[in-house]
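Colleague: I am new to this one. Please walk me through how to read its strands.

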Amino acid sequence: MALAAAKQTAKDAAAAKATADQAVTDAKAALEALPGTATEEEKAAAQTALSEAEATAATAATAQTAADTAATEANKKVQDARVAAVNAQSVLDKAAEDALAVKVAADAALAKAIKEAEEGEEGGEGEDCEPELDLTSKVTGLPDKLVAGTSTDFSLRVTNGSDRHMDEVLTFVSVHATDKSGLKDTEKFFRLQWSTTSAPKWQNADAHDYIDAVGALKPGAHADVKLRLTLDKATPAGNGVAFFSADFFNEDGSCGGAPDLDMYEFDVKAAGSKPGKTEDVKPSTTPRPGNTGTIPQGSASGTPAATGSLAATGSSSATTSIALAGGAAVLLGAAAVFVVRRRKTGSDA
C-alpha cells in the first residue's frame, strides 16, 4: 500500500514537471514572437509570464525529486521486509531441524539406557536394588537466578530416615543448561564442586556426577554436602535445571535409592545482572525411567514438566515451543542415563 502510493505520487510529480516545462517553452516562444511594434506593456507581460512559468517549473522539479526519493525509500523498505521474512523463516526451519536432531539423540540415549538396564537385570546386576522413599536429599541455599561470572554456594543434606543401616551412600548431582532458545547446551560454562566434613577441600564433581564422600549412614542419621556452582563470565543467558538424588549399597549386596530425582529449575542471567532471590528454589520430582511413582503434574509419562523458569524464555514465537520440547527430551535422556550409571556403580561397589 505505501509503496503503491509513493509510486503514484512520483508519477503525478513527473507529469506536473512535464507540464511546467512545456509552459516555460511556450512562454519563451511567445516572448520571442513579439513583433517589433510590440509595446513595452506587452513585452513586460510576456516576460512576467515566462518568469512565472520558470518558477512553477522549478517547484515541480523539486517536488519530483522528493517524490522519486520517497518512492525509492518505500521500495527499499519493501525489499528489506521481504529479506527479513525469508531470514526469519530460515531461522524457524533451522530451529525445527535442531530440535528434531535433539529429540532423535535423546530418544537414542533413552533406548540405549533402557536396553542396558534390561541387560543388567538379565545378568543379575542390581537385582536386589529397591526404591527407598526414606533416603532423602534436600537442597538449601540455591537461588532461582544464577549470574554469569559468579559462584553460588549451597548445601545438600542426605538423610537416612529408614530403620536400616546403609553401608555406603552416594549422592547424585547433575546440572544441565541451555541458552534462551533451549537448543544450545551451555553446560561447558558450569563447574560444580563439593566438600564435606571428611573431605573439606573443594573437589570437582566427577564425570559420572556422583559424590562418594558421604560414607555410611545409621538409621535416622544425616550427612551434609557443601556445593559450589561456578559460572564462567561468558555463560550465555538461558535456563538451567539441577538434579539431586541418593543411593545406597550394602556389603551384603543389597542396594536401593530414592525413586525420584529432585529437580530444581533456575534462570541463567548474563554477567553483571542482579543475583536471584535469597529464598530457595522449590524442587519438583522427576521419576526415573521405569519407575512407577507419581508423575509431576503437567508432564507426559516419564517426561519432566516444562514449568517455571524453563518456560520463561522471553519469547512467544514458535521457536519457544520447539525449544521446550527439545529440552524436555534432553532431560529425559539424562535421567535415563542416570539409571544405567546407578546400576554400574552398584555392580562395582
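**Reading two strands**

Modeller: Start with a pairing: strand E10 (residues 238-249) and E12 run antiparallel and are joined by seven bridges. Within it, Val241 stands opposite Glu265 in E12. This is a predicted model: local features need pLDDT of at least 70, side-chain atom pairs count only at pLDDT 80 or more, and totals for chains, interfaces and linings use all residues. Residues are numbered from 1 along each chain as its sequence is written, and side-chain values use heavy atoms, with hydrogens and water left out.

Colleague: What counts as a strand, and when do two strands pair?

Modeller: Strands (E, at least two residues) are DSSP runs, numbered from the N terminus. Two strands pair if DSSP finds at least two bridges between them.

Colleague: Which strand runs parallel to E12?

Modeller: Strand E3 (residues 145-147) does, through three bridges. There, Lys145 stands opposite Asp267 in E12.

Colleague: Why is E12 called largely enclosed by the rest of the structure?

Modeller: Look at burial. Buried means under 20% relative accessible area, exposed over 50%, partly exposed in between (1.4 Å probe, protein chains only). Nine of the 10 residues of E12 (residues 260-269) are buried, so E12 is largely enclosed.

Colleague: How many residues of strand E6 are buried?

Modeller: Five of the six, in residues 190-195, so E6 too is largely enclosed by the rest of the structure.

Colleague: Where does E6 form its bridges?

Modeller: With strand E9 (residues 222-231), E6 pairs in the antiparallel sense over six bridges. Phe190 has Leu231 in E9 as its bridge partner. Two bridges join E6 to strand E7 (residues 203-204), also antiparallel. Here Trp194 is partnered by Gln203 in E7.

Key: Helix = DSSP H or I, 4+ residues; strand = E, 2+ residues; numbered from the N terminus.
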